[in-house]
Amino acid sequence: FGYTVTTLVRNQDWINPEALWTSGVNVNPRNGMLWYNLGHELEDRNDLVGAWKAFHVAADLDPLSSDGWTMLGIMALRNQQLDLAEEKLKLALDGRSPTATAHHNYAMVLLNKGGTDNLELAISHLKSAVKLEPGLMQGHEMMGMALAEAGRSQEAVAALSAALKLDPRNPNVLAKLQDLTRQSNPESVGSNSVDNSVESSPPAEKKSGLYAE
């Protein structure tokens with residue numbers, strides 16, 4: 001009978017993911033991945049305080065893993081705590097295997113802070129992001145916008161064109177490409193060359209990921 005009761009309780013844990021991960025960390029509190037998964041579940045339930053604690057425990061247990069630090073950086077960035085986001089994302093980038101997500105969000109912090117040095121550093125991190133994850137449309141788009149701001153129009157067009165291949169209907173990318181085309185060739189105003197390229201490009205599968213925006 002005791003075995004049956006235990007089994008029923010465990011089955012309830014599986015039905016409720018939060019209870020499952022909470023049960024896991026209670027049994028094995030030194031397992032950083034269990035804390036990390038609990039953090040995601042709590043965040044999905046809008047328990048941001050609990051999620052922050054869980055991600056921090058995960059990061060503290062395995063400080064060389066980038067995952068926990070990345071999520072802490074993303075949470076801070078969403079809350080417009082740029083200095084805190086920068087601190088956590090730097091720790092993520094110093095880890096064993098920095099992810100495209102870490103590079104992308106660190107670049108976002110730098111762009112929000114502003115300044116020429118931050119702009120160039122952001123571009124560098126966005127290049128790393130799309131190298132790690134070539135299908136990251138947001139990375140190509142943000143890099144194109146940053147390159148345009150830095151006055152590197154040809155590189156900006158290349159980055160935005162890569163974004164357009166991944167999301168042919170993206171209005172921000174289309175508008176910026178048309179703007180850059182007008183700047184480089186005023187006689188092209190009214191040209192439908194960008195629109196034509198969209199019509200001939202089938203939509204690509206979008207990559208999903210955890211990003212601040």
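The model is predicted, so local features need pLDDT of at least 70, side-chain atom pairs count only at pLDDT 80 or more, and totals for chains, interfaces and linings use all residues. Residues are numbered from 1 along each chain as its sequence is written, and side-chain values use heavy atoms, with hydrogens and water left out.

**Exercise 1. Work out how many helices and strands the protein has, and what percentage of its residues count as buried.**

Step 1: Start with the elements. There are twelve helices and zero strands. Here helices (H or I, at least four residues) and strands (E, at least two) are DSSP runs, numbered from the N terminus.

Step 2: Now check burial. Of the 213 residues, 42% count as buried. Buried means under 20% relative accessible area, exposed over 50%, and partly exposed in between, with a 1.4 Å probe and protein chains only.

**Exercise 2. Find valine 173, decide whether it is buried or exposed, and list what it touches.**

Step 1: Locate valine 173. It sits in helix H11, which covers residues 171-184.

Step 2: Look at its accessibility. Valine 173 counts as buried because its relative accessibility is 0%.

Step 3: Look for partners, skipping residues up to four places away in sequence. Valine 173 touches Glu141, Leu160, Ala163 and Leu164, where contact means heavy atoms within 4.5 Å.

Step 4: Compare sequence with space. Methionine 145 is 28 residues from valine 173 in sequence, while their C-alpha atoms are 8.6 Å apart.

Step 5: Zoom out to the core. Val173 is listed with Phe55, Leu77, Met143 and Leu147 as having the most contacts inside the largest nonpolar core, a group of 48 residues. Helix H5 (residues 66-78) gives the largest share of this core, seven residues. A nonpolar core is a set of buried Ala, Val, Leu, Ile, Met, Phe, Trp, Tyr and Cys residues joined through side-chain atoms within 4.5 Å.

**Exercise 3. Describe how helices H3 and H5 cross.**

Step 1: Get the geometry. The axes of H3 (residues 32-44) and H5 come within 10 Å and cross at roughly 25°. Axes are lines fitted to C-alpha atoms, for helices over the stretch in contact, and angles run from 0 to 180 degrees between N-to-C directions.

Step 2: Name the arrangement. H3 and H5 are therefore roughly parallel, as angles under 35 degrees count as roughly parallel, over 145 as roughly antiparallel, 65 to 115 as roughly perpendicular and the rest as oblique.

Step 3: Pick out the residues. H3 brings Tyr36, His40 and Glu43 to the contact, and H5 brings Asp67, Gly68, Met71, Met75 and Arg78.
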